[in-house]
Amino acid sequence: MSPKKAILFSEFAKMPLDKAPIIIDPWLAREGITFLHAPSGKGKSPLGWKVGQCVSDELDFFGAKVLQSGPVLWIELDTPDVLMKPRISLLNPMPKQLYY
């Protein structure tokens, strides 16, 4: 990502933009942050782990193509390690480049 400088909204609106590099076509872009939102216990974490595994191991994500694979960093904000470890231990196969 290139450094940003402050510009007026009117200038930004006129700028041509390159298409964002896509990791999973058509919805996961390389730049930015992707959040999953749902009530507690609805499977956000396992879904996120599957996304991470697909990107890590260059596997299709439910039919969507992974266009760029590589290491993935999982940032956990609200689940303690004592709950995370038994859950991620069930992943099979274990992702090759998914870091915690």
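Lys-65, with a relative accessibility of 47%, counts as partly exposed, where buried stands for under 20% relative accessible area, exposed for over 50% and partly exposed for what lies in between, with a 1.4 Å probe and the protein chains only. The structure shown is a predicted model, in which local features need pLDDT of at least 70 and side-chain atom pairs count only at pLDDT 80 or more, while totals for chains, interfaces and linings use all residues. Residues are numbered from 1 along each chain as its sequence is written, and side-chain values use heavy atoms, with hydrogens and water left out.

Side chains of opposite charge can pair when their charged atoms come close. A search of the whole structure finds 1 salt bridge, a term that requires a side-chain nitrogen of Lys or Arg within 4 Å of a carboxyl oxygen of Asp or Glu. Lys-65 forms this salt bridge with Asp-60, and their closest N and O atoms are 3.1 Å apart. Asp-60 is partly exposed, at 37% relative accessibility, and belongs to the loop between H2 and S3; such helices (H or I, at least four residues) and strands (E, at least two) are DSSP runs, numbered from the N terminus. Although Asp-60 and Ile-24 are 36 residues apart in sequence, their C-alpha atoms are 8.3 Å apart in space. Lys-65 and Glu-11, by contrast, are 54 residues apart along the chain, and 35 Å separates their C-alpha atoms. Glu-11 is found in helix H1, residues 9-14, and counts as partly exposed because its relative accessibility is 41%.

Most residues other than glycine have a negative phi, and most peptide bonds are trans.

| Residue or bond | Backbone angle |
|---|---|
| Glu-58 | phi near 55 degrees |
| Phe-62 | phi near 50 degrees |
| Asp-25 to Pro-26, cis | omega near 10 degrees |
| Asn-92 to Pro-93, cis | omega near 5 degrees |

Glu-58 is exposed, since its relative accessible area is 53%, and Phe-62 likewise counts as exposed, with a value of 68%. As for the two prolines, Pro-26 lies in the loop between strand S1 (22-24) and S2, whereas Pro-93 lies in the loop between H3 and strand S4 (98-99).

Rolling a probe the size of a water molecule over the atoms shows where empty space is left. On a 1 Å grid over the protein atoms alone, a pocket is an open set of points where a 1.4 Å probe fits, with protein on both sides within 12 Å along at least five of seven lines, and its lining residues have an atom within 4 Å of a point. The largest pocket holds about 1,500 Å³ of space, a volume being the space filled by probe spheres set on the points, which are joined across faces, edges and corners. Its lining consists of 39 residues, of which Thr-34, Gly-48, Leu-73, Trp-74 and Ile-75 lie nearest the centre. At least two lining residues come from each of strand S2 (28-29), helix H2 (44-57), strand S3 (72-73) and helix H3 (81-88), and H2 gives the most, with 9 residues. By class, the lining of the largest pocket has 21 nonpolar, 12 polar and 6 charged residues, with Ala, Val, Leu, Ile, Met, Phe, Trp, Tyr, Cys and Pro taken as nonpolar, Asp, Glu, Lys and Arg as charged, and the others, Gly among them, as polar.

Leu-73, one of the residues nearest the centre of the largest pocket, lies in strand S3 and is exposed because its relative accessibility is 59%. Together with Ile-75, Leu-77 and Tyr-99, Leu-73 makes a nonpolar surface patch of about 530 Å². Such a patch is made of residues with over 30% relative accessible area and no salt bridge, with nonpolar side chains (Val, Leu, Ile, Met, Phe, Trp, Tyr) joined within 5 Å and like charges within 9 Å, and accessible areas come from the Shrake-Rupley method with a 1.4 Å probe, where for residues only the protein chains shown count as cover.
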